[in-house]
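Please look over the sequence and the structure below, and then follow the explanation one step at a time.

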Amino acid sequence: MEEKTNIIKDLSIEEREEIFVDIARTLEDTAREALVEGNMHFAVLSNNMAEAIRVNADELARDDPENAERVLLEATAMISQFEAMHPYRMVSMAVH
């Protein structure tokens, strides 16, 4: 974890904030997929985490890198858990 924290420290504030926004977007996508599959509990947790990260992205990017790393680890663990439980995701073939 120390090595990852050092990587976070090496990034600029803008790059860190962009990472948090991206992870929030991924959590929102995961929440949407979980909702479609009927997993309301996971959808709510994922959506709440995404909202908290998005609202606090600036502060997370500027403050203590160790806390930022913990948030990133929790978010990626949640995404990984969903992907492990749903290895064969639904793919939309809709033409818009």
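A residue is called buried under 20% relative accessible area, exposed over 50%, and partly exposed in between, using a 1.4 Å probe and protein chains only. This is a predicted model, in which local features need pLDDT of at least 70 and side-chain atom pairs count only at pLDDT 80 or more, while totals for chains, interfaces and linings use all residues. Residues are numbered from 1 along each chain as its sequence is written, and side-chain values use heavy atoms, with hydrogens and water left out.

M40, which lies in helix α3, counts as exposed because its relative accessibility is 51%. Helices here are DSSP runs of H or I with at least four residues, numbered from the N terminus.

M78, by contrast, belongs to helix α5, which covers residues 65-85, and M78 counts as buried because its relative accessible area is 12%. Apart from neighbours within four places in sequence, M78 is in contact (heavy atoms within 4.5 Å) with L27, F42, L45, S46 and M49. Although F42 and M78 are 36 residues apart along the chain, their C-alpha atoms are separated by 9.0 Å. M49, with its neighbours within four places likewise set aside, is in contact with L27, E74, A75 and M78.

A nonpolar core is a set of buried Ala, Val, Leu, Ile, Met, Phe, Trp, Tyr and Cys residues joined through side-chain atoms within 4.5 Å. The largest such core has 19 residues, and those with the most contacts inside it include L27, M49 and A75. Two or more residues each come from α2 (13-36), α3 (40-55), α4 (57-62) and α5, and α5 gives the most, with six residues.
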